[in-house]
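Please keep the 3D view open while you read.

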Amino acid sequence: MTTHYLVLSALLFVIGGVGVLVRRNAIVVFMCVELMLNACNLAFVTFARQNGNLDGQIIAFFVMIVAAAEVVIGLAIIVTIFRTRRSASVDDVNLLKY
Amino acid sequence: MEPAKIIEHAGGVIGVSWLLIALPLLGAAVLLLGGRRTDRFGHLLGVATAVASFVVGVLVFLQLLGFDPAERRRVVPLYDFIPGLVDPMGLLIDPLSISFVLLITGVGSLIHIYSIGYMAHDPNRRRFFAYLNLFVAAMLLLVLADNYIGLYVGWEGVGLASYLLIGFWQHKPSAATAAKKAFIVNRVGDFGLAIAIFIIFTTFNTVSFAGVMTSGADASQGSLTAIGLLLLLGACGKSAQLPLQSWLLDAMEGPTPVSALIHAATMVTAGVYLVTRSGAMFFPEGSTAAIAVTIVGVATLLAGAIIGTAKDDIKKALAGSTMSQIGYMMLAAGIGPAGYAFAIAHLITHGFFKADMFLGAGSVMHAMNDEVDMRKYGGLRKVMPITFATFMIGYLAIIGFPLLSGYFTKDGIIESAMEHNATLGWLAVLGAGITGFYMSRLVFMTFFGKKRWEADAHPHESPAVMTWPLIILSAGSIVLGGYLILGNRFMTFLAPAVGLPEHLPSFHPFSVAGLVTLALVAAGAALAWFKYGAGEVPVTAPRGSFLTTFARRDLYGDAINEALFMRPGQWLTRLAVFFDNRGIDGLVNGLAAGIGGTSGRLRRVQTGFVRSYALSIFVGAAILVGAWFVVGNL
């Protein structure tokens, strides 16, 4: 059983990673990040169940809290950028460079 | 007879002999620090401190005369700088130093007085007197110090004063250059003196004259000779002896009273003082160092005389003569106890007649709108009778006219040189003959013959403040020589300081050398009369033979210095600059450029695209995880 959950977790993580690397829309990139985080959560919970303790579940809770906080700040930044630049593409935000 | 023991002294005027140095030093300090506020009375203060110092000197002299001759070497302790390591600083009052003190302060005071008139129209007269006072203080420290370090401080002090005064009119590029030249050439000599003092300290573990005298027996011959030769190098620098003579002729760029005081009467004789003071220990009779001193002396007395024959600048002719006369003193000082008294006696009489003639030359220049070219003088004896009369006395004294000062002292040197080594003696006689020629030439071109003045020259006699010092100096030029030499009066006076020869010389008016000298001098004077007195003197100098050019160019001294030292020095500098620019700078700049270039390329990685950063994080994480697997499976 464990293997199925882990394979699902890995698949979700890869989908999220590819999304972060290839998509330009900041909202989509953001959602892909969430996907990667939740793939990790799934793995944690799977291991917690397999090992019969609560450590993984507790870490999954922490990840959710951090993700929630991140969503608050990240969405605020994206909205602000969209208001000033009329664009949510991550490639347009390239002023900070060499 | 050996020199007497040095004993400690307290009380009396000798106890406060530091006043000798302090008074002129105070004058210099007030005038330099007071600035323009002291302009009004600066010259009077300068004269007052010099004269006060002279009065103290006379009192010290009188108290010293009150002691038994064997007890006439007194040291006055002043201050112990580093107890146990360096000798305490003190003043040595003995017949030798007091002779110098009287000459420096006496002639110095007269020249101070003369300068009131000579510098009357100079806006910087106060600064001039400040420097003169500084010079007097430093020179007194030089001759009064009871150890070599104190002497060295005074030695550098007079060098500084000389530099400041040669370059006094620093708006003239020639004066500024001459000052630098004097300073740099003197540096070579001072270097020798400094090394000599280092060796003295390591050899004897003391630098005081008394300490060196008492602990000298166990020093090796090699270090004694080394010290002697290095001291001679120092003496050559300060006294303008070959091979360090080149600065003296250029030093005539300074105001004429400076030439009289520093570059004729006192400072340039410091080398003779050094050799005489160190004589018993480092220049014993027949030693290598002493022979070197006599050779330097003879070479310089001839070189200076030859240079003097061709110069048209009155001050440069006198400067050549100064070199030559100091050569005589060096020669005598190298002979040993038989010569010391004559060296110092000639030094004193020379101080009088040469200062007299320099000041006379200054008086002439003052009258002729600062013209120094003798070819533009002529016939001045009628318009400047006092200057003429005093100059004639100085002239007769220097060529050794019978019964005047130079006759006795120079004859003493020639006689003792004859006894020491006949070759040296005859060369000194030859030098005396050349002296007769060039001094007569100078006098005939200046005071006799037709007027060759510039159109705007209106010569007049100088004011009394300038003529009285001339009169006093010429009086000294008449009587001093006979007074000092006859009956060996000066020799017995100096004996406690420098010792006595085994048998005392006696003065023979009709010795062979004396008669030949007189004949040569007369011949030289006659030749000068036919060439410059009776004949026409062209206003522009004729080209002359190669011998004339040789003498005019200072025997190619400057050319030799240039070829031997200046050019190689410049090459060395250029080489060093090249190595620095290309080698050292290349290395450092190359490294900086390399790092800069690499960074410039590396910063291109910062593209500003978030996704490429994400990719690099991803790749980095993948590599880390991969590495972890690899390491974990090992």
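**Helix 15 of chain B**

- Helices here are DSSP runs of H or I with at least four residues, strands are runs of E with at least two, and both are numbered from the N terminus.
- At His350(B), helix 15 of chain B bends by about 25°; the bend is the angle between axes fitted to the seven residues ending there and the seven starting there.
- Of the 31 residues of this helix, 28 are buried, so the rest of the structure largely encloses helix 15 of chain B. Buried means under 20% relative accessible area, exposed means over 50%, and partly exposed lies in between (1.4 Å probe, protein chains only).
- Just after helix 15 of chain B comes Asn369(B), with a positive phi of about 55°.

**How to read this model**

- This is a predicted model, in which local features need pLDDT of at least 70 and side-chain atom pairs count only at pLDDT 80 or more, while totals for chains, interfaces and linings use all residues. Residues are numbered from 1 along each chain as its sequence is written, chains are lettered from A and ligands numbered from 1 in the order in which they are written, and side-chain values use heavy atoms, leaving out hydrogens and water.

**Pockets**

- Rolling a probe the size of a water molecule over the atoms shows where empty space is left.
- On a 1 Å grid over the protein atoms alone, a cavity is a set of points where a 1.4 Å probe fits but cannot get out, and a pocket is an open set with protein on both sides within 12 Å along at least five of seven lines; lining residues have an atom within 4 Å of a point. Grid points are joined across faces, edges and corners, and a volume is the space filled by probe spheres set on the points.
- The volume of the largest pocket is about 930 Å³. Its lining has 38 residues, and those closest to the centre are Pro337(B), Ala338(B), Leu500(B), Pro501(B) and Glu502(B).
- Helix 8 (209–214), helix 12 (270–282), helix 15 and helix 17 (405–420) of chain B each give two or more residues to this lining. Helix 17 of chain B has the largest share, with 6 residues.
- The lining of the largest pocket divides into 20 nonpolar, 11 polar and 7 charged residues. Ala, Val, Leu, Ile, Met, Phe, Trp, Tyr, Cys and Pro count as nonpolar, Asp, Glu, Lys and Arg as charged, and the others, Gly among them, as polar.
- The second largest pocket has a volume of about 710 Å³. Among its 28 lining residues, Val20(A), Val29(A), Val33(A), Val610(B) and Ala614(B) lie nearest the centre.
- Two or more residues of that lining come from each of helix 1 (2–22), helix 2 (26–51) and helix 3 (55–85) of chain A, and from helix 24 (610–633) of chain B. Helix 24 of chain B gives the most, 7 residues.
- By class, the second largest pocket is lined by 22 nonpolar, 4 polar and 2 charged residues.

**Cavities**

- The whole structure holds 3 cavities of 30 Å³ or more.
- The largest cavity has a volume of about 170 Å³, and helix 12 of chain B gives the most to its lining, with 6 residues.
- The second largest cavity has about 110 Å³ of space. Helix 17 of chain B supplies the largest share of its lining, 5 residues.

- In chain B, 3 strands form an open sheet in the order 1-2-3, with mixed pairing. Strand 1 and strand 3 of chain B are the edge strands, as each pairs on one side only.
- Strand 1 (residues 7–8) and strand 2 (residues 74–79) of chain B pair in the parallel sense over 2 bridges; two strands pair if DSSP finds at least two bridges between them.
- Strand 2 and strand 3 (residues 89–93) of chain B pair in the antiparallel sense over 5 bridges.
- Val75(B) is the bridge partner of Glu8(B), and Leu92(B) is the bridge partner of Val75(B).
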